[in-house]
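Please open the model in a viewer and keep the selection tool at hand.

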Amino acid sequence: MELSRVIALVAATVTTGLTAGLFYAYACSVMPALREAEDRTFIEVMQRVNVAILNGWFMLGFVGALLCTGAAVALHVPADGRHVLPAVVAALVFYVAALGVTRRINIPLNDALAAAGTPARIGDPAAVRGRFEARWVRWNVARALLCTAALGCLCWALVLHGSAGA
């Protein structure tokens with residue numbers, strides 16, 4: 001049981017870290033770089049990114065973080081694992097909140113951008129971009145913060161786990 005707990009905690013920490021890092025990278029590099037791009041270029045790049053990101057490597061981190069953190073919670077419920085449980089539950093709550101932001105805000109914005117069509121054929125690309133960019137960026141920062149909070153909780157859970165075994 002102990003080895004399973006450690007593996008789940010490490011896997012949850014790594015996958016959550018990958019997802020937090022992805023959202024962080026968008027917040028501090030990708031979106032600032034695109035800020036100065038022409039409207040049609042911005043739309044085209046974001047449409048391409050929103051298609052390209054749906055791959056196995058992304059899903060490994062994005063879905064893996066939820067599954068591994070959930071497994072870590074379940075494995076720490078028995079009495080001898082409960083000292084770590086509050087930190088792992090907090091991580092799960094933060095991560096689920098990030099998923100909620102993604103599902104309720106970022107994905108619908110991505111879908112609306114895709115529905116706008118080919119950038120060269122969009123009549124008013126500034127309006128399409130205006131409905132997308134500021135809101136998407138703001139909520140991506142929220143996702144980055146939520147995932148980073150989840151990562152911090154998981155790191156703390158590893159510290160607690162290690163100190164209990166010492």
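A residue is termed buried under 20% relative accessible area, exposed over 50%, and partly exposed in between. The model on display is predicted.

Select Glu 2 to begin. Its relative accessible area is 40%, so Glu 2 falls in the partly exposed class. Arg 5 is buried, because its relative accessibility is 1%. Both residues belong to helix α1, which spans residues 2-35, and they stand three residues apart, about one turn of the helix.

A search of the whole structure finds four salt bridges; the next stop is another of them. Select Asp 39 and Arg 129, whose side chains meet at 3.0 Å, N to O, in a salt bridge. Asp 39 is in helix α2 (residues 39-52) and Arg 129 is in helix α5 (residues 125-165), so this pair ties together parts that are 90 residues apart in sequence. Asp 39 is partly exposed, at 22% relative accessibility, whereas Arg 129 is buried, with a relative accessible area of 6%.

Which type of contact do the side chains of Arg 129 and Glu 133 make? They meet in a salt bridge of 2.8 Å, N to O. Both residues lie in helix α5, four residues apart, about one turn of the helix, and both are buried. Finally, display Asp 39, Arg 129 and Glu 133 together: salt bridges with shared partners join these three residues into one network.

Key
Residues numbered from 1 in each chain as written. Predicted model: local features only at pLDDT ≥ 70, side-chain atom pairs only at ≥ 80, totals over all residues. Heavy atoms only, no water. Helix = DSSP H or I, 4+ residues; strand = E, 2+ residues; numbered from the N terminus. Buried < 20%, exposed > 50% of the residue type's maximum accessible area, 1.4 Å probe, protein only.
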